[in-house]
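Hi everyone, thanks for coming.

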Amino acid sequence: MPCPALPDGFDFTDPDLLHHRVPLPEYDELRRAEPVRWIAQPHGLAGFDDDGYWAVTRHADVKYVSTHPELFSSYLNTAIIRFNEHIERDAIDAQRLILLNMDPPEHTRVRQIVQRVFTPRAIRALEDALRTRAHSIAQEALAQPGPFDFVTRIACELPLQAIAELIGIPQDDRAKIFDWSNKMIAYDDPEYAITEEVGQESATELIAYAMNMAADRKQCPAEDIVTTLVAAEDEGSLASDEFGFFVLMLAVAGNETTRNAITHGMHAFLTHPDQWELYKRERPATAAEEIVRWATPVNSFQRTATQDTELGGRTIKKGDRVGLFYAAANHDPEVFENPDAFDITRDPNPHLGFGGGGPHFCLGKSLAALEIDLIFNAVADTLPNLRPAGDPRRLRSAWINGVKELQVSAD
């Protein structure tokens, strides 16, 4: 039955929509009336040779698709739900080399190698250094007079430094990683005046940078993570190009997403002062997970049906694209009590901000949660009276729930 509150032509991947808001009211309506709904698009609008996609908005259905890669492929059309309509198919297919866009068994092989980076021991080894860095970031922000941009001064710094620390990128190069990753995801935002071609060039530069690192370690092994990934032939290793694409994925999945979670989290605290007071007083261990649920930095990914199947009472045809709308799932009242409340003591909190489970569940979940915990502890210690100095300026994007600027004041 048609969803009466959803206007004809409404498209959840319209970058103009996410530029202004996350469409939570429309998600609510779909979950209630039509949790799996066909969203028509002009032919080829998203860069694919089709006429739209299925929008999946219910928590249980998003989990089902995520945990059945044999039915719903990441490889066939990649996980990115909307490209520029002028993108060449070869450019889409090239992205199949990224772990995010692989299916088992190739995905299983690569993931088993790269997960060495994210072992509990590896994350614990970073904690003290990242705690020190978090407090330095907050202190440096405090030292600057007047209002400042929380995104560039605080939110972006720790994720960048964590990636650099994790895989041995010199700290002096972190600005390059920030610039390349911004350009890769900002092609929908006219303010940046960045074309899809510029984004592809930035991806190429980042991959080349990482491949050079890999080649150096293959020739001269060292006691570091890069060597572990590319030079341990007896245990299985990444080829240089595979390592390049892994670093590219880290630059977006490990940098952009965590940075946006931190920014959305700070904005949530500033607009829910009772929660900020609670956080400063008690520092609940549950806060990071609620920040990720609330932020849901990746609004949506997609899968492609490998065969005719049923989902949510609808028949999905082989080759149909299926959009997984994580923000909708993270506000599902069947799963979350009072889902529209920002509650840092929420427990349990089975949100899908790190994915819906299955093979593509976020490798860096523990690191991201640690970064969020450390930076908000540092902000609470150093900038406890932070207050808003302007509305957040959102990124125009088809799938990233991003914030470009959040002006705050510590005075």
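This is a predicted model: local features need pLDDT of at least 70, side-chain atom pairs count only at pLDDT 80 or more; totals for chains, interfaces and linings use all residues.

**A walk through the model**

Residues are numbered from 1 along each chain as its sequence is written, and side-chain values use heavy atoms, with hydrogens and water left out.

Back to D381. Which residue does the side chain of D381 meet in a salt bridge? The partner is R283, at 2.9 Å from N to O (a salt bridge is a side-chain nitrogen of Lys or Arg within 4 Å of a carboxyl oxygen of Asp or Glu). This pair links distant parts of the chain, 98 residues apart: D381 is in helix α16, and R283 is in the loop between α13 (273-282) and α14 (287-295). Helices here are DSSP runs of H or I with at least four residues, strands are runs of E with at least two, and both are numbered from the N terminus. R283 is partly exposed as well, at 25% relative accessibility.

Now follow α16 (residues 365-382) to α6 (residues 120-143): their axes come within 9 Å and cross at roughly 35°. Axes are lines fitted to C-alpha atoms, for helices over the stretch in contact, and angles run from 0 to 180 degrees between N-to-C directions. Among the residues that meet here are L126, L130 and I137 in α6, and L370, L374 and D381 in α16 (contact means heavy atoms within 4.5 Å). The residues of this contact divide into 13 nonpolar, four polar and three charged. For that count, Ala, Val, Leu, Ile, Met, Phe, Trp, Tyr, Cys and Pro are nonpolar, Asp, Glu, Lys and Arg are charged, and the others, Gly among them, are polar.

Next, the sheet. In what order do the strands of the open sheet of five strands run? The order is β1-β2-β8-β5-β3, with mixed pairing (two strands pair if DSSP finds at least two bridges between them). The edges belong to β1 (36-40) and β3, each with a single partner strand, so one side of each has no neighbour in the sheet.

Look at β5 (residues 300-305), where six of six residues are buried. S300, Q302 and T304 point one way, and F301, R303 and A305 the other. Five bridges join β5 to β8 (residues 321-325), and the two run antiparallel. Along that pairing, Q302 stands opposite G323, and R303 stands opposite V322. Two bridges join β5 to β3 (residues 72-73), also antiparallel, with F72 partnered by A305. Helix α3 (residues 59-66) lies across β1, β2 (52-56), β3, β5 and β8, at about 125° to β8.

Last stop: how many salt bridges does the structure hold? There are 24. In one of them, E26 and R21 meet at 2.8 Å, N to O; E26 is buried at 12% relative accessible area, while R21 is partly exposed at 32%. Another joins R393 and E405, with the closest N and O atoms 2.7 Å apart. R393 lies in β10 (residues 393-394) and E405 in β11 (residues 403-405), so this pair ties together parts that are twelve residues apart in sequence.

Terms used: Buried means under 20% relative accessible area, exposed over 50%, partly exposed in between (1.4 Å probe, protein chains only).
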